[in-house]
Amino acid sequence: FMSRLARRIPGIGVSERGYVTFLNKLRFDVMNNIYEGWVRSGKQVSDADLASLARFINAATGRGSLGKVGQRWAPALNAAFFSPRLQISRFEAPLELVRGTPLVRKQVARDLAAFVGTGVGILSLLKLGLGDQASVETDPRSSDFGKLRVGNSRVEFWGSYQPLARYTAQLIMGQRKDARSRIVEQRRGGTIGRFLRSKLSPGAGLATDFVTGKTFLGEEFGEPRQRFGRTVPGPAATLIDNFVPLFVEDLIAAVEQEGLRGGLMTAPGFFGAGVQTYPPPKPPAGSWTPGLKPR
């Protein structure tokens, strides 16, 4: 909530303190464990090593640094963007491979390799276990890149790194892969603008939708839209998009489209994984599917 008044709601203040305390203890325990491992192996640990390690652990757990200038503008950044510290941390964590001390650079390389390797291993095992029922997109130009797809549900656990990898590939190649698996040419300015728009806060995103007349997904702002399997008026759809928790939206959509399997596929979303369920786009009027006789 963008207000301290929210803490007066029963349970909100307690939840916030519990969450912050847990994360701070987790960061300290991780740092202490690494430090003790260094000492046991006979490594000489300097203050610079500890400072670099602390910086990496903060960034790896989503607590990036905005710098002196950014900190001054923190309230404005929080109002305009969704969790600016988290977004900047996605750049800062791998940056320690360059600016960290030699001792920390080895630790960063090991952790990042384990992160990527574990993710690829899990996707491979799931793909083998589910067989033809599942697919994994390997084209970095696609929004489904690095996601496990079963039916109309997609699951990914790369955090905020997946969009960065995808938009970087689209920016370099000047192309993107749309929902119909077509390669579409895209201006680099449009890629950057779409990336920035995807990081807007709910309030700023709503204002942008109102000004442009279209939502981020390309739907007409204010027009009736499909939500929860039925057509709802534009204002109601806007309220749903901005106030209903994403996990609840995804769970309802998955159950409506996929039944029990969809509900089970959505379960990882409760623990922080990204889960989305949506049907393939309808072909434009007058088009036909290869292999079928056009009408």
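This is a predicted model: local features need pLDDT of at least 70, side-chain atom pairs count only at pLDDT 80 or more; totals for chains, interfaces and linings use all residues.
View 1. Residues are numbered from 1 along each chain as its sequence is written, and side-chain values use heavy atoms, without hydrogens and water.

**View 2. The second largest pocket has a volume of about 440 Å³.** Of its 20 lining residues, Val116, Phe145, Trp158, Tyr161 and Ala165 are the closest to the centre. Two or more lining residues come from each of α5 (84–99), α6 (102–130) and α7 (161–173), and α6 gives the largest share, seven residues. Helices are DSSP runs (H or I, at least four residues), numbered from the N terminus. A pocket is an open set of points on a 1 Å grid over the protein atoms alone, where a 1.4 Å probe fits, with protein on both sides within 12 Å along at least five of seven lines; lining residues have an atom within 4 Å of a point. The volume is the space filled by probe spheres set on the points, which are joined across faces, edges and corners.

**View 3. Helix α1 (residues 12–40) packs against helix α2 (residues 47–60) at an angle of about 140°, with axes 10 Å apart.** Axes are lines fitted to C-alpha atoms over the stretch in contact, and angles run from 0 to 180 degrees between N-to-C directions. Contact means heavy atoms within 4.5 Å. Among the contact residues are Val30 and Trp38 of α1 and Leu53 and Ile57 of α2.

**View 4. The axes of α7 and helix α8 (residues 188–198) come within 8 Å and cross at roughly 165°.** That makes α7 roughly antiparallel to α8. Their contact includes Leu164 and Tyr167 of α7 and Ile192 and Phe195 of α8.

Note on methods. Angles under 35 degrees count as roughly parallel, over 145 as roughly antiparallel, 65 to 115 as roughly perpendicular and the rest as oblique.
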